[in-house]
Amino acid sequence: MNDTRQQILEILSGHMSAIMARSVLSLSLSWSKVDPNKLLSGDDKRLLAELEKGIRLYVPDDTLRQKCMEQMQSLLTLNGQTHPPPAAEPQIRVPVLTESDIVDARGIGRLVCGKLGFSGAIQIKVATAISEMARNIVQYAGKGEITITTLDGDRRGIEVVARDKGPGIADISLVMSDRYHSRTGMGIGLKGTRNLMDEFDLESSPGNGTEIRVRKYMDP
Ligand SMILES: Nc1ncnc2c1ncn2[C@@H]1O[C@H](COP(=O)(O)OP(=O)(O)OP(=O)(O)O)[C@@H](O)[C@H]1O
Ligand SMILES: [Mg+2]
């Protein structure tokens, strides 16, 4: 990682969790179309503008936010350089082990949805689906990960994949049915997630862990 990225990360990490700081940086780089490899001595109003959006979301305190932005501005000397567009779609991987990881995954999903232009109501739906999948990982598998990808092709939208190598689900059709009675919760997390999203794909079997892939499109 080059120096400027490291310095941006250090500033952000002073104000938010490490994974949130990395996510805000990588999304800002991607959205501002700044090539991370060319980010050396400086630069770019677009990157600063994207960073500011993340900072506004995650540093609610006015004084702290202003301080964070001042640090960022003095780091990024505005020299108006232009850059080629980034090659890859932005993808964020959040390891999920604890309650605060659930909050982070949820927040990053919301940030990506906001950037894509989803309405507030849909942002909350996607964030809720992410919470349910992440909570199941913590509750039943102990650890796993959530990957959030911006779909930027023919159909714009967001894809979320929740993966773990936990005990798996023996009877998928049972847990997805109305006759399922959970011993640990309400038994509606997965059904709710399916209803909240446009696509829902669940693969799981005992011994092989669980993978859930969901998508929400801008034009369903
Ligand atoms: N990642 C997972 N690994 C193993 N089993 C899982 C996983 N996710 C869900 N399950 C199983 O599937 C069932 C249904 O999950 P679901 O989230 O729908 O309901 P719940 O977690 O029991 O209750 P809640 O409504 O509070 O979410 C769970 O009770 C659990 O047995
Ligand atoms: Mg659940």
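User: What should I know about the model before we start?

Analyst: This is a predicted model, in which local features need pLDDT of at least 70 and side-chain atom pairs count only at pLDDT 80 or more, while totals for chains, interfaces and linings use all residues. Residues are numbered from 1 along each chain as its sequence is written, chains are lettered from A and ligands numbered from 1 in the order in which they are written, and side-chain values use heavy atoms, with hydrogens and water left out.

User: How do you know that β1 and β2 are paired?

Analyst: Two strands pair if DSSP finds at least two bridges between them, where strands are DSSP runs of E with at least two residues and helices are runs of H or I with at least four, numbered from the N terminus. Six bridges join β1 to β2 (residues 144-151), so the pair meets the rule of at least two bridges. The two strands run antiparallel, and Ile 92 of the pair stands opposite Ile 148 in β2.

User: What makes the sheet open, and which strands stand at its edges?

Analyst: Five strands form this open sheet, with antiparallel pairing, in the order β1-β2-β3-β5-β4. The edge strands are β1 (91-96) and β4 (199-205), and because each has a single partner strand, one side of each is left without a neighbour in the sheet. From one strand to the next, the twist averages 10°, the angle being taken between N-to-C directions of axes fitted to C-alpha atoms (for helices over the stretch in contact) on a scale from 0 to 180 degrees.

User: Which helix packs on the sheet?

Analyst: Helix α5 (residues 99-116) packs there, touching β1, β2 and β3 (157-164), and its direction makes about 5° with that of β2; touching is judged by contact, meaning heavy atoms within 4.5 Å.

User: What joins β5 to its neighbours?

Analyst: Eight bridges join β3 to β5 (residues 209-217), with Gly 157 opposite Tyr 217, and seven bridges join β4 to β5, with Asp 201 opposite Arg 213. β4 and β5 form a hairpin with three residues between them, and Gly 207 in the turn has a positive phi of about 90°.

User: How do you know where the domains lie, and how much area is buried between them?

Analyst: The bounds come from an automatic or database domain assignment, which gives domain 1 (3-75) and domain 2 (91-217). Their C-alpha centres lie 27 Å apart, and 13 residues of domain 1 are in contact with ten residues of domain 2. The area buried between the domains is about 980 Å², of which carbon and sulfur atoms give 73%; this is the accessible area (1.4 Å probe) that the two parts lose on being put together, summed over both. Ile 19, Leu 27 and Trp 31 supply 50% of the area that domain 1 buries against domain 2, more than any other three residues.
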